Amino acid sequence: MQFSIKTGARTQMIDITDQVRDIVRQSGISNGLVHVFSMHTTGAVTINENADPAVPVDILSCINKVVPFDDNFTHMEGNSAAHIKVSLFGPSESVALENGNLVLGTWQSLFFCEFDGPRTRKINVTILGT
């Protein structure tokens, strides 16, 4: 199944855990593996803390320093930094599913990471039941 999200900034981390949980509920599958995949080359998926809203802000601040937007890239579209960031973060995450629940730590959430926004993005969720 897929869902769409609208991002509102050039770089942004959006908690998508609830959307993934909804898809899991709708599937009726209780145990297995949930694969969450960004269908874009300039948007990633990661797992990190969502208890403190400063964490995503700090992550974006740091990655923008490590891979600055303007660094004499040769890609004609001007978004090479976004492509590099996705390669560092990765386009997907897999999470165990037990008794209908995503197996995430106390402070963990799934995030879509926008690196070339704002845009409308598609996330694909595949559930493999056991």
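Student: Which residues of helix α3 (residues 80-89) are buried?
Tutor: This is a predicted model, in which local features need pLDDT of at least 70 and side-chain atom pairs count only at pLDDT 80 or more, while totals for chains, interfaces and linings use all residues. Residues are numbered from 1 along each chain as its sequence is written, and side-chain values use heavy atoms, with hydrogens and water left out. Helices are DSSP runs of H or I of at least four residues and strands are runs of E of at least two, numbered from the N terminus; buried means under 20% relative accessible area, exposed over 50% and partly exposed in between, with a 1.4 Å probe and protein chains only. In α3, the buried residues are Ser 80, Ala 81, Ala 82, Lys 85 and Val 86.

Student: Against which elements do the buried residues of α3 pack?
Tutor: Contact here means heavy atoms within 4.5 Å. The partners of these buried residues are β4 (43-49) and α2 (54-66).

Student: Which residue just after α3 takes a positive phi?
Tutor: The phi in question is about 100 degrees. The residue that adopts it just after the helix is Gly 90.

Student: Is Thr 46 buried or exposed?
Tutor: Thr 46 lies in strand β4. Leaving aside neighbours within four places in sequence, its contacts include Met 13, Phe 89 and Leu 110. Because its relative accessibility is 12%, Thr 46 counts as buried.

Student: Which residues of the largest nonpolar core touch the most other members?
Tutor: A nonpolar core is a set of buried Ala, Val, Leu, Ile, Met, Phe, Trp, Tyr and Cys residues joined through side-chain atoms within 4.5 Å. Elements that give two or more residues to this core are β1 (2-6), α1 (17-27), β3 (32-38), β5 (92-98), β7 (108-114) and β8 (120-129). Of its 19 residues, those touching the most other members are Phe 3, Ile 16, Val 20, Val 34, Val 36, Leu 102 and Leu 110.

Student: In what pattern do the helices and strands follow one another along the sequence?
Tutor: The chain contains three helices and eight strands. Read along the sequence, they give β-β-α-β-β-α-α-β-β-β-β.
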